Amino acid sequence: MNEPLPPSRSELPCGNETALPTAPGLRKLFGGLGLTILTALPISALAEETQEQPRRGGVIDTIIQPEPPGLVLGMIQNAPTRTVAGNIYEGLLRYTTDLEPIPQLAESWDVSEDGKVYTFHLRENVLWHDGEPFTAADAVFSADVFHRELNPSARAVLEHVESIEAPDDHTVVFTLKQPFGPFLLSFEAGTFTMVPKHIYEGTDFRNNDANNHPIGTGPFKFDSWDRGTVIKLTRNEDYYEEDLPYLDGVNWHIIPDGASRAVAYENGTVDVLPYGTVENFDVPRLSELDNTCSTEQGHEYFSPFAMLWMNNRHGPMTDKRFRQAVMYAMDREFARDVLWNGMGQVPLGAFGSNARFQNEDLTPYDYDPDRARELLDEMGYDGTEVTLLPVPYGETWTRWAEAVQQNLKEVGINVRTVATDVGGWNQRLAERDYDLAFTYLYQYGDPALGISRSYLSTNTAAGSPWNNVEGYANPKVDELFNAAATAHPDSEREALYHEVQEILQEDVPLGWLLELGFPTIYRCNVKNLVNSAVGVNEGFRDAWIDE
Amino acid sequence: MSFFARFARNRGALFGLIILWVIIGMAILAPIVFPESPWRMVQRPFLPPFAVDGMWLGTDTMGRNVAAGLMHGAWVSLLIGLISTSVALLIGVPLGAIAGYYGGWLDDALMRFTEFFQTIPNFALAIVLVAVMQPSVTSIVLAIALVSWPPVARLVRAEFMSLRHREYVEAARLIGQTNTQIILRQILPNTLSPIIVLASLMVATAILLESSLSFLGLGDPNAMSWGYMIGAARTVIRQAWWLSFIPGVAILLTVLALNLVGEGLDDALNPKLARERH
């Protein structure tokens, strides 16, 4: 990340940035003390796709599933809030589908050579939706006060930050305690959302009246929210990118039933189905409809990774041979091909294929029931019953648990499935009251943000279903992960991460099931919708409707 | 006329009995015909019936044999129907007997208690109970029993009230039999026929309830039941209609058979009424 982009890299298609009429701030500064890293937008690719002239106007109807609990991004981090509010709020940076940072509210940035001082140069013509100007003071307030109080993932990043200062109205300087490799990946709209200081300063953030009418800097303004029916966003006429957005508005319909959501697309009520809104088995059918396109791009930043927690604290799961046997027993290819309709990727190990520093030399756990039986014999597994807790997120997950249960039974593991609802699932995981349990976690682009949290023994405190739930503790792994997070430059990080992956591959603290592929389905005349690493979460900014 | 002859005079009942035996046969033979688990993924998914040898009824969304599921499911459905009905009888019969026999404030108290259950819609209460207790065969049986005993209690109470002043009861009292003896030895045997008829219908209702619960995803995740099969297939009904159709027909036939048998029992046990009716 701290290296200038090699030229070949910028040739890669990064979504469809191409339709941008005015490529923002293409200053490119190399070398010297501060390396300014800037995305040169792929100009060669620009030429190919801009034969089509973006057209102004039109409203897109789409779906949000489930209904978000609120729209103030930063205060609420769950997926539906991110998806809707990512079009209202913005962060300092955006990311291409290759997870390279590109300008959003910061038009350029410098990193000191020791990797400790990050200087962001902000855009000068940005207004909040209520007309107040956006300045560095807002950025400092958002990061240092608002998120420090409300946002656990931002707080984890802030641990590494010594000070946040605004030397002038359009410059923000983050000084770190030590280098932190993934720092530049933390500025996505959902992590360090820019919130208006003039509205929130000195108030009780959670009970601020403005929460019902979110004020951001994004391309769309909040218009109305008819609970249980529709959330309407309208065009921000004062958006700093001239001509953007092309759309007059976006309507997010709320349709609780999966089959009805598919029908809503078929009968033309909605034109865009963001990922996760239709059941997997409907995807092939809907994709084959006339004038329908689909893409699996647009979730690289999250890269949801399905896992099987194995409670390392008790029962047969304490023995790593048992955990290895579980990995050999599961037919993950089957799960991908049949349950997920071929979408996604069977992971090699703890690091997903989108994660940085993946060690590709690891020995994969291929489906091998005989090997699993051998391992169980060797450890003297006595048939102790283990429970399996599925993810209560719908049919696909239920079917998946059935398949895994059957896989495990076939090698002789005595499994009983325990059905529960979302609340019960969260609670059991938080209280560590389970043997085996499904989950899926976001990767956030860098091992220090999304991966190490599941393995560090310092992160095992009960009460959260998202930390080191399995209770794995290995001082060597802790040491390597901690060293890698703050090592500088990247080549050093890489060596440390490769070593830690070898240990994890042997120890199998948890099961690595599938890197999920979530398609976004849309009418082909909706152009340039998925154009960054978070897809529709901010994609409507550049989208337009062709005749 | 023998009991069976009276029963067989109702052609429908005979038909129902045959179907019921077929289904019981399926349940018993399931582990012999399909010794492997019905959860086992054995073939390509979404095979229509008769498309591949050995897969008479095709395969489901995950390539599991539908025929195996159907036969193992018969066991689960019948078992849940029978056990939950027995439990409901165990609750309903004593309560109704006590209320009907003693009358007075005891009757009032017990009937208010019964009405408390009757005022809550059956299915809603069953959903809440299963959701609270976590879905498992035990919790489903309990939930079904808890929502289906009130009609039993009411029926038994009415029978007891009409029988308790009969001469043979008075005579039993006169020769010094205790209340318990009178309830168990004198009156209860005379209320059995309506209870048996009601029970046969309750088994049918219980099977339907279990199917509805499983359909909603509140079935025991470890038991392959017909309701589960329909619930799992519902979402793919446009790709593979037979996956919901086949277990649906199985439920229909079972419930129909139980109803027909119930009617036949009614005819056989109350020949007087039956003759008037025909």
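## A helix with a hidden side

Let's start with helix H7 of chain A, which covers residues 258–266: here A:Arg261, A:Ala262, A:Ala264 and A:Tyr265 are buried. Looking down the axis of H7(A), you'd find these buried residues within an arc of 155 degrees, so they line one face of the helix.

What covers the buried residues of H7(A)? The cover includes helix H8 (283–287) and several strands of chain A, among them E2 (59–63), E11 (249–253) and E19 (520–523). Just after H7(A) comes A:Gly268, with a positive phi of about 85 degrees.

In chain A, five strands make an open sheet, in the order E16-E15-E17-E14-E18, with mixed pairing. At the edges sit E16 (415–417) and E18 (510–515) of chain A, each pairing on one side only. From one strand to the next, the twist averages 30 degrees.

Inside chain A, strands E14 (residues 305–310) and E17 (residues 436–441) run antiparallel and are joined by six bridges. One bridge pairs A:Phe305 with A:Leu441 in E17(A). Helix H12 (residues 395–410) of chain A packs on the sheet, touching E15, E16 and E17 of chain A, and its direction makes about 165 degrees with that of E16(A).

Chain A averages a pLDDT of 82, and 91% of the residues score at least 70. Confidence is highest in helix H9 (residues 320–329) of chain A, at a mean of 94, and lowest in helix H1 (residues 7–11), at 30. Over residues 1–50 of chain A, pLDDT stays under 50. Where pLDDT is low, the predicted coordinates should not be read in detail.

Notes: Residues numbered from 1 in each chain as written. Chains lettered and ligands numbered in written order. Predicted model: local features only at pLDDT ≥ 70, side-chain atom pairs only at ≥ 80, totals over all residues. pLDDT = per-residue confidence, 0-100. Helix = DSSP H or I, 4+ residues; strand = E, 2+ residues; numbered from the N terminus. Contact = placed C-beta atoms within 7 Å. Buried ≥ 20, exposed ≤ 12 C-beta atoms within 10 Å, placed from the backbone. Arc of directions from axis to C-beta. Pairing = 2+ DSSP bridges. Axes fitted to C-alpha atoms, helices over the stretch in contact; angles between N-to-C directions.
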